[in-house]
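Here are my notes for your next look at the model. Please read them with the structure open.

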Amino acid sequence: MRVVVFSTKPYDRGFLEAANQGRHDLAFQEPHLSVETAPLAAGADAVCLFVHDHADAAVIDALAALGVRGIALRCAGYNNIDLAAAARRGLAVSRVPAYSPHGVAEHAAALLLAVDRRIHRAYDRVRDGNFSLDGLLGFDLYGKTVGVIGTGKIGACFARIMTGFGCRVLAHDIVENPAVRALGAEYVPLDRLFAEAHVISLHCPLTPQTHHLIGAAALARMRKGVFLINTGRGPLIDTTAVIRALKSGRLGGLAIDVYEEEEGVFYEDLSAAILADDVLARLLTFPNVIVTSHQAFFTREAMTAIAETTLANLDDLAAGRPCPNAVRA
Ligand code: NAD
């Protein structure tokens, strides 16, 4: 099959080519998929998409008119695809439901350790010949209470890591995970988690119920000086409310791998441009904030698993077989 891969970065190409081993004719394109770029899929049987590609109804129509039969997402989320339109135009959609929960959980732990112990500041400071400790004071994780919101695959890994540090884990989820309970974690309502946790880490999906889960009201119920980690999705947090909480000291630290308005910014080299997003620019001024560019998934193991599953999904499409990773409206 001929497959046009949108939003290609050099690392995507490397892992996809290694997994493909010549089975499909992969054509790599750098642009994101949109109505304007859809014609790049001319002659393709399928397109391979990532999180910032948009397949709304107009794009699906354009792809179908070009003869494209399938969309292979090389990510877990599919909120960027109009599934009803895909079904209407007969395009099969597949995704990679799980790759490495460990990688994401470990990145959340890395963010927590870095923002707590001010590693980002220490790194710059020492390289600049400044060996003072002023402003670098952290706290022991040992004995602290960590609130984990969303205890699925990633949240469970994060909870396990935190118990390894000697933390007490309070969990919150709409479905309890026995593996998390077995770690000694206690499931509690959000109010109690907010009131007791020294650290809160978000691992739930973005849904209408979780949109702005962390807003002004939630922040007001938290301990003063709480540290907040978000490797889930940007809109779980109301960024404006979080900035107010950082300014007041309610939040003692913030480390995020995802951001409400990350599209068009994250994954791009904008180092020679003027940052147009004033909210993000303000966030980056705080000494107790770390932002990474949606990289929590970015490990060799996860990239290999993503590429292998994506190619297996394409094999199913080519063979006309049912795909276990199909996504339907
Ligand atoms: P998962 O489906 O295994 O777990 C999600 C958990 O959240 C489930 O247990 C679910 O019951 C729970 N949940 C759903 N609604 C909830 C609510 N209203 N309140 C509390 N809990 C709720 O998913 P996962 O593989 O653990 O991934 C979790 C999230 O991490 C994903 O949805 C995605 O947004 C994010 N993610 C980020 C990256 C990254 O690179 N930063 C990579 C992969 C996944």
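1. In helix H12, the buried residues are Ala-302, Met-303, Ile-306, Ala-307, Thr-309, Thr-310, Leu-311, Asn-313, Leu-314, Asp-316 and Leu-317. Buried means under 20% relative accessible area, with a 1.4 Å probe and protein chains only. Helices (H or I, at least four residues) and strands (E, at least two) are DSSP runs, numbered from the N terminus.

2. This is a predicted model: local features need pLDDT of at least 70, side-chain atom pairs count only at pLDDT 80 or more, and totals for chains, interfaces and linings use all residues. Residues are numbered from 1 along each chain as its sequence is written, and side-chain values use heavy atoms, leaving out hydrogens and water.

3. What covers the buried residues of H12? The cover includes S1, H1, S3, S4 and S5. Contact means heavy atoms within 4.5 Å.

4. The length of H12 checks out. Its 20 residues should span 28 Å at 1.5 Å a residue, and its end C-alpha atoms are 29 Å apart, which agrees. The expected span is 1.5 Å times one less than the number of residues. Just after H12, Gly-320 has a positive phi of about 70 degrees.

5. Now the sheet. It is open, with five strands in the order S2-S1-S3-S4-S5 and parallel pairing. Strands S2 (25-28) and S5 (92-94) are the edges, each pairing on one side only. Pairing takes at least two DSSP bridges.

6. S4 (residues 70-73) pairs with S5 in the parallel sense over three bridges. Gly-70 has Ala-92 in S5 as its bridge partner.

Terms used. Buried < 20%, exposed > 50% of the residue type's maximum accessible area, 1.4 Å probe, protein only.
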